[in-house]
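Thanks for coming. I will take one structure and go through it part by part. Please have a look at it before I start.

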Amino acid sequence: MMQINEAIRDREVRLIGPDGEQLGVVSINDAQERAAALNLDLVKIAPTAKPPVCKIIDYGKYKFESAKREKEARKNQKIVNIKEVKVSANIDQHDLETKLRNALKFLQAGDKVKVSLRFRGREITHASLGEKTLLRFASMIEEAEAGTIEKRPKLEGRQMIMFITPTKGEKDNVKT
């Protein structure tokens with residue numbers, strides 16, 4: 001929270017006028033009198049500087065404009081959701097195509113896709129088969145020109161995980 005007017009307790013401050021001109025180092029009383037004479041507020045904008053920097057501005061207008069800028073920044077912010085598709089090491093071709101259709105739907109909506117493959121029992125000894133399955137899945141997505149691999153398949157415990165991002169030009173999922 002910014003300190004304004006009487007909340008400022010420093011002896012002297014570096015003063016900046018309402019038009020941005022440097023008014024030099026002045027006592028706090030002098031700075032407050034100058035601000036009151038212009039019917040504006042004295043606001044401490046750089047409290048850590050030596051001496052602290054204060055500016056003469058209309059604080060209400062300043063708060064309104066900063067809130068407006070923050071709202072505009074949130075409006076243009078892109079939200080990225082991560083959707084998960086689970087496959088197994090010995091998945092059949094048709095089942096893989098079904099999972100592929102779901103992943104393509106997610107990518108076209110602008111979401112990232114996490115493809116996870118869980119090894120059950122002794123399947124973990126054949127981790128290379130799982131990696132081949134994930135790379136085949138990724139190549140099918142790249143053939144459809146819907147996404148690219150962001151993070152290659154990586155074994156984490158009994159699970160192999162890969163991330164796919166939508167290609168540029170897909171519909172952006174923008175927060176409204």
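Which residue in S8 stands opposite Thr148? It is Thr165.

Two remarks on how to read this. The model is predicted, so local features are given only at pLDDT of at least 70 and side-chain atom pairs only at pLDDT 80 or more, while totals for chains, interfaces and linings use all residues. Residues are numbered from 1 along each chain as its sequence is written, and side-chain values use heavy atoms, without hydrogens and water.

Now the sheet around that pair. Strands here are DSSP runs of E with at least two residues, helices are runs of H or I with at least four, and both are numbered from the N terminus. Two strands pair if DSSP finds at least two bridges between them. Four strands form an open sheet in the order S5-S6-S8-S7, and the pairing is mixed. Its edges are strand S5 (82-87) and strand S7 (147-156), each of which pairs on one side only. On average, neighbouring strands of this sheet are turned by 20 degrees against each other, direction ignored. For such angles, axes are lines fitted to C-alpha atoms, for helices over the stretch in contact, and the values run from 0 to 180 degrees between N-to-C directions.

S7 pairs with strand S8 (residues 159-166) over 7 bridges in the antiparallel sense. Ile149 has Ile164 in S8 as its bridge partner. The hairpin of S7 and S8 has 2 residues between the strands, and Gly157 takes a positive phi near 70 degrees there.

Two helices belong to this picture. Contact means heavy atoms within 4.5 Å. Helix H3 (residues 93-108) packs on the sheet and touches S5, strand S6 (112-118), S7 and S8; its direction makes about 175 degrees with that of S5. Helix H4 (residues 127-143) lies across S5, S6, S7 and S8, and runs at about 170 degrees to S7.

Back to Thr165: is it buried or exposed? Buried means under 20% relative accessible area, exposed over 50%, and partly exposed in between, with a 1.4 Å probe and protein chains only. Thr165 counts as buried because its relative accessibility is 16%. Apart from neighbours within four places in sequence, its contacts are Leu107, Lys112, Ala146, Gly147, Thr148 and Glu150.

Next, helix H1 (residues 28-37). Its buried residues are Ile28, Ala31, Gln32 and Ala35. They lie on the same side of H1, because they cover an arc of only 95 degrees around the axis; the arc is that of the directions from the helix axis to the C-beta atoms. Those buried residues pack against S1, strand S2 (22-27), strand S3 (41-46) and strand S4 (53-57). On the other side of H1, Glu33 and Ala37 are exposed.

Some backbone details remain. Most residues other than glycine have a negative phi, and most peptide bonds are trans. Asn39, in the loop between H1 and S3, has a positive phi near 55 degrees, and at 72% relative accessibility Asn39 counts as exposed. Asn5, in the segment before S1, also has a positive phi, about 45 degrees. Lys50 and Pro51 are joined by a cis peptide bond, with omega about -10 degrees; Pro51 is in the loop between S3 and S4.
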